[in-house]
Amino acid sequence: MPLRPHRPLPLATPAGIEVLTKILTQGPIPRVQIARRTGLSQAAVTKAVAPLIESGFVTDAPAGDEGQVGIGRPVSPLTVVPSSVSVIGVKVTPTSLIGVTTDFTAGILNVRHEELDSTDPEVVIDRLAEHVKALISALKTGTAMAGPLAGIGIAVSGDVDATHGVVRDSPLMGWRGVQVAKLLGKRIRVPILVSNDVRALTVAEHWFGAGVNADSFAVVTIGSGIGCGLYINGEVVSGAYGVSGELGHLPLAPGELVCTCGRRGCVETVASSDAILARTREQTGRPELDLAGAIELAHDGNQQAREAFDRAGEVIGAALAAMVNLVGPELVMIAGEGVAEYDLYEERMRRAFAEHAFGAAGDCRLTLRSHTFDDWARGAAATVIRSYVRGEPPLQR
């Protein structure tokens, strides 16, 4: 089955964008509820929805008894047609590419994992292009109905200029000034959006996850690096210079410790999984240990291994308190590959958070939110969906 070409949404006004966003993130939803939540009149909602239904992006779904307003007046809740759009998202790590194809609701259709043996930008971009082509082929030949491909989202750790598709500085990848969108755009003629990986994950939580109905929240990821995405005042925070939420680079660790970013005393020098492993190896005199072995030692009660996790929990807790004191989210979701050892540092982390959180900021809820690398790739796809709905111009075509 051939993949249909990209087509724009029939959204002529900001009201249309707002209405579709409500249907996409909160549907099925009756027109009257959209009007109440947006402040638009029901007539304006109907006007905005009509072209979306006509073009097949939105549909009326039959309402059950619970969807009736008054006696004998059934409503027709609106829902997005998932197969009306398809999207590709790829998470890039130093050792692998993790790609997904999704529908319009960010529901995962296909998953593709591929190992990398180099972080050289040209090598990675070549492999990335082939990876994306394979995902496009899966859309074309899949049994499920695939909608027009709206675009490709690429998620990379570090300082990412999403406006120009440039990875300005990624210590984990060893990249500086890599023009990902431009280089990939020469190989793949599809709209491309490059994002910081944690920010992309935050967009997915905002539009399709636990943050849908939250007024404000933060996503803190703990693994090889430590990142933070912020949703405040109705938007995922990007920062004036494209940098925000760099929790892992707050200077809260001992100053003699050098971070992968080249600076001293960053949270990551103590609290990343690599730092915890290095500390455990040093303290136990066992250089052959891997992270799983360090976790096992700590669970078995080895005091030297426990000390490494306790130290990490102390610094993470202080960093969380600093962030909550500054921006005041109602919820912090702790996620990432580092949550496998969460129980080893949770108590110390919560204690440090309580000690440093100011006043009512201490009421902020800290919750564990398990994520896989597939979820990171889905986050990259979610950034494309958001951009597509808002009518933002693609970086490369």
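Two strands pair if DSSP finds at least two bridges between them. I apply that rule throughout to this predicted model.

**Entry 1: β4 and its neighbours**

I began with the pairing of β4. Seven bridges connect β4 to strand β5 (residues 108-115), and the two run antiparallel. Within this pairing, the bridge partner of T101 in β5 is N110. I then looked at the other pairing of β4, with strand β3 (residues 86-92); here too I find seven bridges and an antiparallel run. I88 has T101 in β4 as its bridge partner.

I noted the connections next. β3 and β4 make a hairpin with three residues between them. The hairpin of β4 and β5 has four residues between the strands.

How many residues of β4 are buried? I count eight of eight in the strand, which spans residues 96-103. In a regular strand the side chains alternate between the two faces of the sheet. I checked each face of β4 on that basis. One side carries S96, I98, V100 and T102, the other L97, G99, T101 and D103, and all of these are buried.

**Entry 2: β6**

I followed β3 to its pairing with β6. Six bridges join β3 to β6, and these strands run parallel. V87 has G151 in β6 as its bridge partner. β6 also pairs with strand β10 (residues 192-196), through five bridges and again in parallel. In that pairing G153 stands opposite L193 in β10.

Why is β6 described as largely enclosed by the rest of the structure? I find that eight of the eight residues of the strand (residues 149-156) are buried, so the description holds.

**Entry 3: the sheet β7-β8-β9**

I looked up a separate entry for three strands. They form an open sheet in the order β7-β8-β9, with antiparallel pairing. β7 (159-161) and β9 (175-178) are at the edges with a single partner strand each, so one side of each has no neighbour in the sheet. From one strand to the next the twist averages 15°. β7 pairs with strand β8 (residues 166-170) over three bridges in the antiparallel sense. V160 stands opposite V167 in β8.

**Entry 4: backbone exceptions**

A106 is one of them, with a phi of about 65°. A106 sits in the loop between β4 and β5. N233 is another, at about 55°, and lies in the loop between β12 (226-232) and β13 (235-236).

Is each of these buried or exposed? For A106 the relative accessibility is 1%, so I record A106 as buried. For N233 the value is 77%, so I record N233 as exposed.

I also noted a cis peptide bond, from G27 to P28, with omega near 0°. P28 is in the loop between α1 (14-26) and α2 (31-38).

**Entry 5: the annotated span**

I checked the record for residues 13-59. UniProt, in an unreviewed entry, places the feature "domain: HTH marR-type" there. In the model the span is 72% helix and 4% strand, and its end C-alpha atoms lie 20 Å apart.

**Entry 6: L183**

I looked up L183, which belongs to helix α5 (residues 180-185). Its relative accessibility is 18%, so L183 counts as buried; the cut-off for buried is under 20%. Leaving out residues up to four places away in sequence, L183 touches E122, I125 and V178. I also took the C-alpha separation of L183 and A129, which is 9.4 Å across 54 residues of chain.

**Entry 7: α8 against α9**

Two packed helices are described by the angle between their axes and the distance between the axes. For helix α8 (residues 273-284) and helix α9 (residues 291-299) I have an angle of about 65° and axes 10 Å apart. The crossing of α8 past α9 is left-handed.

Which residues of α8 and α9 meet? From α8 I list S273, L277, T280 and T284, and from α9 L291, A294 and L297. The residues of this contact divide into four nonpolar, three polar and no charged.

Conventions. Residues numbered from 1 in each chain as written. Predicted model: local features only at pLDDT ≥ 70, side-chain atom pairs only at ≥ 80, totals over all residues. Heavy atoms only, no water. Axes fitted to C-alpha atoms, helices over the stretch in contact; angles between N-to-C directions. UniProt positions renumbered as here; feature names shortened; annotations may be inferred. Left-handed = near helix turned anticlockwise from the far one by under 90°. Contact = heavy atoms within 4.5 Å. Nonpolar A, V, L, I, M, F, W, Y, C, P; charged D, E, K, R; others polar. Buried < 20%, exposed > 50% of the residue type's maximum accessible area, 1.4 Å probe, protein only.
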